[in-house]
Amino acid sequence: TPSVIIEIIWQVVAAIPIGKVMTYGQIAKQCGYPGYARYVGSSLKKLPEDSSLPWHRVINAQGEISFPPDSEAYQQQKALLQYEGVQFQGKRIRLSVYGWK
């Protein structure tokens, strides 16, 4: 059922260590649902406001934050990642350095 899949996604996201990131696609694959990257994104949108899940550690396959750069959500995610020591090169995060397998 969808709620079980969302729980699995949240568990994978919860396991991403400080200073590391995973892509939506990696998370989908890890959960046994390769090709369901968009579903990972929509399940993260369903997080309660007071959630402590490190949603900010999830980025797109290009190594970028998926929110529009001029949005508040983008600024919040970037600030949280930088606080954890993740460095940006322009708009990108080097997955070879900060990606978590």
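Axes here are lines fitted to C-alpha atoms, for helices over the stretch in contact, and angles run from 0 to 180 degrees between N-to-C directions. I am working on a predicted model, where local features need pLDDT of at least 70, side-chain atom pairs count only at pLDDT 80 or more, and totals for chains, interfaces and linings use all residues. Residues are numbered from 1 along each chain as its sequence is written, and side-chain values use heavy atoms, with hydrogens and water left out. Helices (H or I, at least four residues) and strands (E, at least two) are DSSP runs, numbered from the N terminus.

**Entry: H1 and H3**

I looked up how helix H1 (residues 2-14) packs with helix H3 (residues 37-45). The angle is about 85°, and the axes are 10 Å apart. That makes H1 roughly perpendicular to H3; the cut-offs are under 35 degrees for roughly parallel, over 145 for roughly antiparallel, 65 to 115 for roughly perpendicular, and oblique for the rest.

I then listed the contact residues (contact means heavy atoms within 4.5 Å). H1 gives Pro2, Ile5, Ile6, Ile9, Trp10 and Val13, and H3 gives Tyr39, Val40, Ser43 and Leu44. By class I find nine nonpolar residues, one polar and no charged ones. Nonpolar covers Ala, Val, Leu, Ile, Met, Phe, Trp, Tyr, Cys and Pro; charged covers Asp, Glu, Lys and Arg; the others, Gly among them, are polar.

**Entry: the two sides of H3**

Which residues of H3 are buried? Val40, Gly41, Ser43 and Leu44 are. Buried means under 20% relative accessible area, exposed over 50%, and partly exposed in between (1.4 Å probe, protein chains only). Down the axis of H3, the buried residues fall within an arc of 165°, so they line one face of the helix. I note that the arc is that of the directions from the helix axis to the C-beta atoms. They pack against H1, helix H2 (24-30) and S2. The face turned away from the buried side carries the exposed residues Arg38 and Lys45.

**Entry: the loop between S2 and H4**

I checked two residues in this loop. Ser71 lies between S2 and H4. Ser71 counts as buried, because its relative accessibility is 17%. What does the side chain of Ser71 reach at 3.1 Å? I find the backbone nitrogen of Tyr74 there. A polar atom of the Ser71 side chain also lies 2.7 Å from the backbone oxygen of Pro68.

Ala61 sits in the loop between strand S2 (58-59) and helix H4 (72-83). Ala61 is exposed, with a relative accessible area of 58%. Not counting residues up to four places away in sequence, Ala61 touches Thr23 and Leu95. From Ala61 to Gln82 I get 19 Å, C-alpha to C-alpha, and 21 residues in sequence.

Arg94 is in the loop between strand S4 (92-93) and helix H5 (95-98). Its relative accessibility is 42%, so Arg94 counts as partly exposed. Leaving aside neighbours within four places in sequence, Arg94 is in contact with Gln89 and Gly99. Arg94 and Ala37 are 57 residues apart in sequence and 19 Å apart in space, C-alpha to C-alpha.

Last, I turned to Val4, which is in helix H1. Val4 counts as partly exposed at 46% relative accessibility. Val4 and Glu49 are 20 Å apart, C-alpha to C-alpha, and 45 residues apart in sequence.

Conventions
Polar contact = N/O pair within 3.5 Å; in protein donor to acceptor, adjacent residues only side chain to side chain.
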